[in-house]
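The following report describes the fold and packing of the model shown below. Please keep the structure in view while reading.

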Amino acid sequence: MDRQVDVVVVGGGSTGCGVVRDLARRGLDTVLVEKGNLTHGTTGRMHGLLHSGGRYAVSDQKSAEECIEENMVLRDIAAHCVEETGGLFVKRPEDSEEYFQEKLEGCRACDIPAEVIDGEEARRREPYLARDVEKAIALPDGAVDPFRLCVSNAADAREHGARIETHAPVTDVLVEDGEVVGVEIEHETGPGKRVHREPGTTEEIRARHVVNATGAWAGNIGEMAGVDVEVRPSKGVMTVMNTRQVDTVINRCRPKGDADIIVPHETACILGTTDEEVDDPEDYPEEDWEVDLMIETLSELVPALEDARTLRSFWGVRPLYEPPGTGTEDPTDITRDYFLLDHGDRDDLPGMTTIVGGKLTTYRMMAESISDHVCETLGHEATCDTADAPLPGSENPARMEELMDEFGLRSPVARRSGQRLGSRADDVLDEYDPNPIVCNCESVTRAEVQDAVDEAGSDLNAVRLRTRASMGNCQGGFCTHRIASELAQEYPEPVVRDAEDELYQERWKGQRHALWGEQLSQAMLNHMLHATTMNRDGDPANLDESVDFDAFDAGAGSPDASGSGSDEAGSTGTAAADGGRATGDASADGGRATGDATADGGR
Amino acid sequence: MTRHTDDDGSAEESSEDDRGNGRGRGEPAPGVPEAGRDEQPSIFVPDDGEVPESDAVGARDSEAAAGGDDAAARAATDGGVESATGGTDSTDLDPDAYDPVDVFPGGDLDLREGADSCYKCTSCDTSCPVAEVDDEFPGPKFQGPEQWRLKRKGDHDIDESITSCSNCMRCDDACPSSVPLSQMHNEARGQFVERQMEKLSVEYIRNRLLANYRTSARLASMFPRTASFAMNFGPARWAMEKVMGIPKERDFPEFATETFREWWKARGGAKVENPDKRVAYFHGCYSNYNTPEVGKAMVRVYEHFGYEVMVPPQKCSGTPMFANGMLDDARRHAETNVENLVEAIGEGADVIASCTSCSMSLRQEYPELFDLHGIEDLAEHTFEAMEYLRIHEDLEGELDAAGGPDEERELAYHAPCHARNQGLARQAVETFRDVDGVTVEDVGDSCSGISGTYGWKEEKYEKSMEIGEEMFEHMEDAEGDVGMTECPTCAMQMEHGTGYEIEHPLQLLEDSLGA
């Protein structure tokens, strides 16, 4: 491709999506490239807290002030991604009173609306809070859906002319005459929507400027360009509970520490987190003690967690950065602020800017500041309007309330659909009648799945992120095949099978860390359902060679059935009548005539 | 034994008074429950406007005297969960003793935990007789665990399909993972009716009338013959369907000219006195107003075995109210029932019901939905009439000795869903298996389709009959042309579908024993 675009943004997390939206709205010709799905990296692996700033009110007041400012902006422009849960910083008897006061003063200093309530009042708001919680600071924390947020940003960017390429890892940063002039990417399945089994291609995208918004991966892109970016990735675990034990964000009011937050998120609660520096953002140990720590420590705040059902756990890596020479030992002490690195100034390599650090709550502000920088570099004059222009889906929040009556959906189903789709609900839900539920746990209807398929191709994980389908308590056991079936109209069978397998595997990945109690029963039931009922552990359709069906059954009375004498032929005759089982052996070996090709052959 | 022969008129009045000052009632009589804990503030709410400690202690004098301290005495009757009513410091409470009834203010139960137990296997949906015939009905899994999991604080919308659940409670039995399905359904239905149902709608008024059958029946039985005629008078039925949505196909049950309680009073109460073997009979509304012969059979059979029968004042068990989401009504009636039955238990009696839905309600729904003082005790001491005899008496030996009824009997027996849930589905067949001259044929495990008030709704009538189809066919195929069942509304459906006369197993028992 010879045409030169204005800007390539590398990284489809919250920052990259924010930047591409901002630049596109300012009229620049922009491309976003992301190696996986949108939110593939850190953005999709966070607890979904919309910070009020309270967490940083003592240690990092600049971040705190930015958080409260952006918190209010997102409530406006991204109403359909935000749940205004409110938050509490709760104090247990052993927590320091002095710190509690510092926290309160910090909030006031940063203009974060904060109110002290006593333990009784805190329990009135959140009945499952521990009985010895003494008091709490109430402030405007919230829950934000990072998937929906990124997808909406990308959608708006596209509406303003940007191109979004997912599953397109950068394989090289093009440097010519001491200047970055673009990137080379590999389309895993060709450009555009991802469709399994389509051949891969590579593409050079030449651009006047490259923005490296790859977070914890920023060092890798830097390396391709020949510059050092010292990101210090730090992992943290998040554990997903099956239901919402709390409807408010619960923070432990103490200086710092692991396992100190519970975020109600959609139908679930997310417990977080740990903070451990790792070498490689792609490859780090996921350790059981981290999960145990979440449940044990947070049970001190909400005792019901101890016995509640856990769905899965996942890990994310923070893209922490500190300027060279700072030398902070403990990753929890590294600043959460963001840094804009112009490689022209810094490394004498013009044409590329890297953004690192920061957090989801302030993504828009970060995007604004880097877009300002890019526009200045390119000499493009335009003003930023992202703080005022609502994201697609949030144009008309009042509309959500009217939806329930309109679409004949069961009320809680309609409510959840309406919240996910926001003001797009009309367009999406109108398409299908009848509109059956595809994912029961999360009440996702066919219309929503089809809408996501339209955008994401055969990538069912992308469908999952857009709809929440398969994110409920069965973790896809009862719906991956139904979701995959929604692809069948448009895509050939092998594509559908690959897509199904990929989603099922992804769901399994997180459940490995929740295999006790109810979720173990669930996993076992899922396994039996898929392995035996659907035969997915030995499906002939997935075998490389074709199946020798004659070996199963040559039909009743066939003289040479399985070719081993008249006795055998007799039992094969029976098998033909009862679905492939040699009844004579059934009682002895649990229903399977082992060693007999008539029953088990073909595997 | 005349203590309990007061007709319910007087009991009625006193409890009506109680209702008037429900929250702040004064000095309760010994053994009388305090105001229900579910009407008290939740344990975490600051102590304002609750029963003063002295009153609460006064109410428990009898237990305190019986030994043990206050807390221990109460723990024994309410499942070990402390309430705020005693003025106990909430931080002393056992943090493990969470009871959903306690946790949320305003009486709402938090049953999201039940959503944790569901692993979506769908056994409940496949066992649901309504889902089988009604494509619009999403089934028990949605109504229970799924809907609960989707609900959020501030959400008050329950899907209206909850009103299509007939409360047969088969799903409870089907679940391999102990999800409290019917409890979730009852709670959801209660919320739906309270918050979303138009209180002046025909449907609400009709349902309220059906649910409060006892009230209509009490009025009707003042003029039983007139009522029996008027209720089934053609033009009147046409009007009822048009105006009230009560299907004209159904015949209203006839009202007895002498209620069971009138008979009991006239008889002079119990004929046997025996402090060692006492039972308190919960006859329910139907045996009182419509089929007193069932109640009489119960008394005669139990006296045959040497039991002293008590007939405490009582109201509706609440079954039809639960099924229609009228939880306030059910709770009011439960207060009277619990109060009087707990008193009888204190006098050494076990509680016996002849209607399997009544016993189901006292055993399961009461403790699941209400938190009245002594309600757990009541649940533990309640039995179905034949079940109790099979546990404590040599019923089969006695039947053998009696030699069977005077004339040959052939019966087509249907086990009600609520009997099934109590593990009683086979007891009638087993009890009479070896009795000379008696053939009891089980007509299968389907639901009769009426499910109390479900089949009494015009919009549900067709489905009700469709569910019952299998039972009707099996009844026709059975040798006998008399039906038998423990449940009064199943009996109505059996009669309606086949024209058979329907008996209660107690009547057959009375016959066979010559009691």
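## A parallel pair in chain B

In S6(B), B:Glu441 is the bridge partner of B:Ala412. Strand S5 (residues 409-413) of chain B pairs with S6(B) in the parallel sense, over five bridges. Two strands are said to pair if DSSP finds at least two bridges between them; helices (H or I, at least four residues) and strands (E, at least two) are DSSP runs, numbered from the N terminus.

The two strands belong to an open sheet of four strands with parallel pairing, in the order S6-S5-S7-S8 (chain B). Its edge strands are strand S6 (438-442) and S8 of chain B, each of which pairs on one side only. From one strand to the next, the twist averages 35°. In a regular strand the side chains alternate between the two faces of the sheet.

## Basis and confidence of the model

This is a predicted model, in which local features need pLDDT of at least 70 and side-chain atom pairs count only at pLDDT 80 or more, whereas totals for chains, interfaces and linings use all residues. Residues are numbered from 1 along each chain as its sequence is written, and chains are lettered from A and ligands numbered from 1 in the order in which they are written.

The predictor gives the complex an ipTM of 0.83 and a pTM of 0.82. Chain B averages a pLDDT of 81, and 78% of its residues score at least 70; pLDDT is the predictor's confidence in each residue, from 0 to 100. Over residues 1-107 of chain B, pLDDT stays under 50, and the model has 152 contacts beyond four places in sequence for this stretch. A contact requires that the C-beta atoms of two residues, placed from the backbone, lie within 7 Å.

## Overall make-up of chain B

Chain B has 29 helices and eight strands. Of its 515 residues, 54% count as buried. A residue is buried if 20 or more other C-beta atoms lie within 10 Å of its own, exposed if 12 or fewer, and partly exposed in between, with C-beta atoms placed from the backbone. Among contacts in chain B between residues at least 6 apart in sequence, 76% join residues at least 24 apart.

Three bridges join strand S3 (residues 349-353) of chain B to S4(B) in the parallel sense, and B:Thr382 in S4(B) is the bridge partner of B:Val351.

## A buried proline and a covered helix

B:Pro313 lies in the loop between strand S2 (308-310) and helix H19 (319-323) of chain B. Why does B:Pro313 count as buried? B:Pro313 is buried because 22 other C-beta atoms lie within 10 Å. B:Phe282 is 31 residues from B:Pro313 in sequence and 8.9 Å from it in space, C-alpha to C-alpha.

Nine of the eleven residues of helix H28 (residues 488-498) of chain B are buried, including B:Cys490, B:Met492 and B:His496. Helix H17 (284-289), helix H27 (461-477), strand S7 (482-484) and strand S8 (501-503) of chain B are among the elements that cover them. After H28(B) comes B:Gly499, whose phi is positive, near 80°.

## Helix packing in both chains

Helix H18 (residues 292-304) and helix H29 (residues 505-513) of chain B pack at an angle of about 45°, with their axes 8 Å apart. H18(B) and H29(B) are therefore oblique to each other. The contact includes B:Val294 and B:Val301 of H18(B) and B:Leu506 and B:Leu509 of H29(B).

In chain A, helix H14 (residues 460-467) and helix H16 (residues 493-511) pack at an angle of about 55°, with their axes 8 Å apart. H14(A) and H16(A) are therefore oblique; angles under 35 degrees count as roughly parallel, over 145 as roughly antiparallel, 65 to 115 as roughly perpendicular and the rest as oblique.

Technical notes:
Axes fitted to C-alpha atoms, helices over the stretch in contact; angles between N-to-C directions.
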